[in-house]
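Dear colleague,

I am passing on a structure that you have not worked with before, and my notes on it follow. Please look at it first and then read on.

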Amino acid sequence: MANEYAFVSVPKQSSNAGRPKGKKKFVIIFRWADVKEYTRDEKGVRVTAFSMQEGKKPVGVYMTQSTCNIYHTSEGDDDARGFIHHVDYEHPGSSVEHDEFVNNNINEELGAIVMGCADEDAKIAGTPCTPLYLTKADSQDSKDGDKNTINLASTLRGGTIGRIAKTLIPATDNDAINAELGLPVAGV
């Protein structure tokens, strides 16, 4: 097949390849039960199709940009190695809406999309068979701060974090968030 992985060199992409990259202020979170179509290419990284079930939309959750970390860790014994996906962030304040989000999604099978500030592909964590779960949802309301620390992680090993083109990312349920992320806005 033409798009299969070929064993090729991977040079340094630029002089500043390791410089931290800014991220948009919202993490897009969805339930895998609401996803209609999800496929990756033969190389296993690029998402080639992504759509939601009729009437279902992802949500945008505000995050403190400097706290966002989307990554994978490798683990496993010989012949069973794979990757655990992680999305960590902090949400400032202690709103009822965020508490409701956490309470009603603590055991759901989730996926998450994090968009960078540049126009490159976004990163997508979780898959239908290796979903993310809210593995840590800690709140703080003290003299030191008022925030929620959220860790989403898969519990089963799979492939690496995926890459998804902005054109495949579905609009959230909130037009103001969509406008800020550069996603389609209703009536536009």
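**A buried asparagine, and what surrounds it**

With a relative accessibility of 15%, Asn-151 falls under the 20% limit and so counts as buried. Please keep in mind throughout that this is a predicted model. Asn-151 lies in strand S10, and, once its neighbours within four places in sequence are left aside, Asn-151 is in contact with Val-87, Asp-88, Tyr-133, Leu-134, Thr-135 and Lys-136. From Asn-151 to His-72 the distance is 13 Å, C-alpha to C-alpha, while the two are 79 residues apart in sequence.

**The chain as a whole**

The protein chain contains two helices and 11 strands, and their order from the N terminus on is β-β-β-β-β-β-α-β-β-β-β-β-α. Its radius of gyration is 17 Å, close to the 16 Å that the globule rule gives for 188 residues, so the protein chain is as compact as a globular protein of that length. The C-alpha trace of the protein chain spans about 55 × 45 × 35 Å along its principal axes.

Of the contacts in the protein chain with a separation of 6 or more, 67% are accounted for by residues 24 or more positions apart. Of the 188 residues in the protein chain, 37% are buried. The accessible surface of the protein chain comes to about 11100 Å², and carbon and sulfur atoms hold 48% of that surface. As for charge, the protein chain has 21 positive and 27 negative charges, whose mean positions are 7 Å apart.

**The nonpolar cores**

In soluble globular proteins, nonpolar side chains tend to be buried together. Which residues touch the most other members of the largest nonpolar core here? In this core of 19 residues, they are Val-27, Ile-29, Val-87, Tyr-89 and Leu-152. At least two residues of this core are supplied by each of strand S1 (23-31), strand S6 (82-92), helix H1 (96-105), strand S7 (110-116), strand S9 (132-142) and strand S10 (145-154). The largest share, three residues, comes from S7.

**Two loop residues**

Asp-79 sits in the loop between strand S5 (69-75) and S6, where Asp-79 has a positive phi of about 65° although it is not a glycine. Is Asp-79 buried or exposed? Its relative accessibility is 84%, and Asp-79 therefore counts as exposed.

Leu-168, in turn, belongs to the loop between strand S11 (162-164) and helix H2 (175-181), and with a relative accessible area of 22% Leu-168 is partly exposed. Apart from neighbours within four places in sequence, Leu-168 is in contact with Val-47, Thr-48, Ala-49 and Phe-50. Leu-168 and Asp-34 are 134 residues apart in sequence, and their C-alpha atoms are 15 Å apart in space.

With best regards

Methods
Residues numbered from 1 in each chain as written. Predicted model: local features only at pLDDT ≥ 70, side-chain atom pairs only at ≥ 80, totals over all residues. Heavy atoms only, no water. Helix = DSSP H or I, 4+ residues; strand = E, 2+ residues; numbered from the N terminus. Rg over C-alpha atoms; globule rule 2.2 N^0.38 Å. Buried < 20%, exposed > 50% of the residue type's maximum accessible area, 1.4 Å probe, protein only. Contact = heavy atoms within 4.5 Å. Areas by Shrake-Rupley, 256 points an atom, 1.4 Å probe, with all protein chains shown as cover. Lys, Arg positive; Asp, Glu negative; His and termini not counted. Charge placed at Lys NZ, Arg CZ, Asp CG, Glu CD. Core = buried A, V, L, I, M, F, W, Y, C linked by side-chain atoms within 4.5 Å.
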